[in-house]
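The following paragraphs guide the reader through one protein structure, from its core to its helix packing and then to its loops. Please keep the sequence and the model in view while reading.

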Amino acid sequence: MTHINEDLFDRARTVIPGGVNSPVRAFGSVGGTPRFLVEARGPHVVDAEGREYVDLVASWGPAILGHAHPEVVAAVQAAAARGLSFGASTPSETELAEEIVGRLRAAGDSPLEKVRLVSTGTEATMTAIRLARGATGRDLLVKFAGHYHGHSDGLLAAAGSGLATLSLPGSAGVTEAVASQTLVVPYNDEAALEAVFAERSDQIAAIITEASPANMGVVPPDPGFNAFLVELAHRHGALVIIDEVLTGFRVDAAGYWGLSSRAGDVYQPDLFTFGKVVGGGMPLAALGGRAEIMDLLAPLGPVYQAGTLSGNPVAVAAGLTTLRLATDEVYERLDTAAHTLSTATSDALSAAGVAHVVQRAGNLFSFVFASEPARDYAAVQAQEGWRYPAFFHSMLDQGVSLPPSVYEAWFVTAAHDDAAVSRILEALPAAARAAAEATPS
């Protein structure tokens, strides 16, 4: 019996903290040995032992077309052949910015007029917050418990003892002074937001929110909630940052904002952040908003941001090609596959007697092991999450790779054809039984 993955993990832990370069990869919440992947194509990934899995991680979203799409790979190869990095502007940067702006404009009355390219989602949200503070001259930020906006210090804040209490550090290495500039409130709670603004409205620069949270599992906003927080913030002179690093161009051609707009839930945030799909699997992210705010960035304005690899030509080639190939037909295939798999998984869990709720945001979905939908982080934490590791490992043993945490969304791709979907469906009954038989550890 081969133990290549175990050997690789042991080797990695000698030179890499925890053996991984991003914590969720360590399988900490599901147990067992992480799979070290060496190849990915279409809806499949292959580990170092040569075992193939149907993949429902999709590189945490970017592989919207499927892994290693031939046209994306060709575009990256052609760009790399012309040079890996120039440290100067390129025509393709403008093309990608135009594509991003055009996609939102096509969905309605878009507030997105200008875009700045950066390298990571963390950098995008960090810059958007700095920009909001520069635009308003205020210091405080409001975020929601359970929302993830990257690992910059001010966003790793934990809630204090009261709604308007300045937050505490949510990670070692984050100072109290930095954490104290963030207010953490419960999600989908209009009264909590009203209370915070009633006490500190003249100090709040912005509210930052995931357009639809998908980093504590999928927990969609209540109908009208995003519109409410925009109205509230603007009434008090604050801005709103809609974080679409995960949902942007994944759940709709214009992201969750576009999906909401088409459904009649119209709101006008001040800034957006994008990542994942916008880079096509390469390190690229973006922030954007109204020209009057974006023009506060250097070199035009006093808010500084810079990056040697911002707008890297190879990453831009991957992102631009991915977006151009993400047609209406692609989104229809994603929606169909997501509906089929989420419904079948729910049916299997129900047949096994496992209490659960399917949580959806477009073609993103996850499962809460509880009897009622989760509307906030407290409800997500209260679920019987201990059922998920058994479910996860049963699927993995049967050749299906799921996100290694109950707090993550499931991702389909346009390459999930009938054969891939059927393989997943065949694995569900046994996995559901494993979840039913699980006990708290």
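A residue is called buried when its relative accessible area is under 20%, exposed when that area is over 50%, and partly exposed in between, with a 1.4 Å probe and protein chains only. The model is predicted: local features need pLDDT of at least 70, side-chain atom pairs count only at pLDDT 80 or more, and totals for chains, interfaces and linings use all residues. Residues are numbered from 1 along each chain as its sequence is written, and side-chain values use heavy atoms, with hydrogens and water left out.

The interior comes first. In soluble globular proteins, nonpolar side chains tend to be buried together. A nonpolar core is here a set of buried Ala, Val, Leu, Ile, Met, Phe, Trp, Tyr and Cys residues joined through side-chain atoms within 4.5 Å. The largest such core has 111 residues, and the members that touch the most others are Ile100, Leu193 and Phe391. Contact means heavy atoms within 4.5 Å; residues up to four places away in sequence not counted, Ile100 touches Leu112, Val115, Leu117, Phe249, Phe274, Val278, Ala286 and Leu323. There is also a second, separate core of 19 residues, which includes Leu141, Ile241, Ala285 and Met294.

Helices (H or I, at least four residues) and strands (E, at least two) are DSSP runs, numbered from the N terminus. Axes are lines fitted to C-alpha atoms, for helices over the stretch in contact, and angles run from 0 to 180 degrees between N-to-C directions. Helix H3 (residues 91–105) packs against H10 at an angle of about 35°, with the axes 10 Å apart. In this contact, Ser92, Glu93, Glu95, Leu96, Glu99, Ile100 and Arg103 of H3 meet Val316, Gly319, Leu320, Leu323 and Arg324 of H10. Counting Ala, Val, Leu, Ile, Met, Phe, Trp, Tyr, Cys and Pro as nonpolar, Asp, Glu, Lys and Arg as charged, and the others, Gly among them, as polar, the contact of H3 with H10 comprises five nonpolar, two polar and five charged residues.

Helix H10 (residues 313–325) also packs with helix H2 (residues 70–82), at an angle of about 155° and with the axes 8 Å apart. Angles under 35 degrees count as roughly parallel, over 145 as roughly antiparallel, 65 to 115 as roughly perpendicular and the rest as oblique; H2 and H10 are therefore roughly antiparallel to each other. On the H2 side, the contact is made by Glu71, Val72, Ala75, Val76, Ala79 and Ala80, and on the H10 side by Pro313, Val314, Ala317, Ala318, Thr321, Thr322 and Leu325. These residues divide into 10 nonpolar, two polar and one charged.

Ser212, between strand S9 (204–210) and helix H7 (225–235), counts as buried because its relative accessibility is 1%. Most residues other than glycine have a negative phi, and most peptide bonds are trans. Asn188, in the loop between strand S8 (182–185) and helix H6 (190–200), has a positive phi of about 60° although it is not a glycine. At 5% relative accessibility, Asn188 counts as buried. Ser59, in the loop between strand S3 (52–55) and H2, has a positive phi near 60°, but Ser59 counts as partly exposed because its relative accessibility is 40%. Finally, the peptide bond from Ala298 to Pro299 is cis, with omega near 15°, and Pro299 lies in the loop between helix H9 (291–294) and H10.
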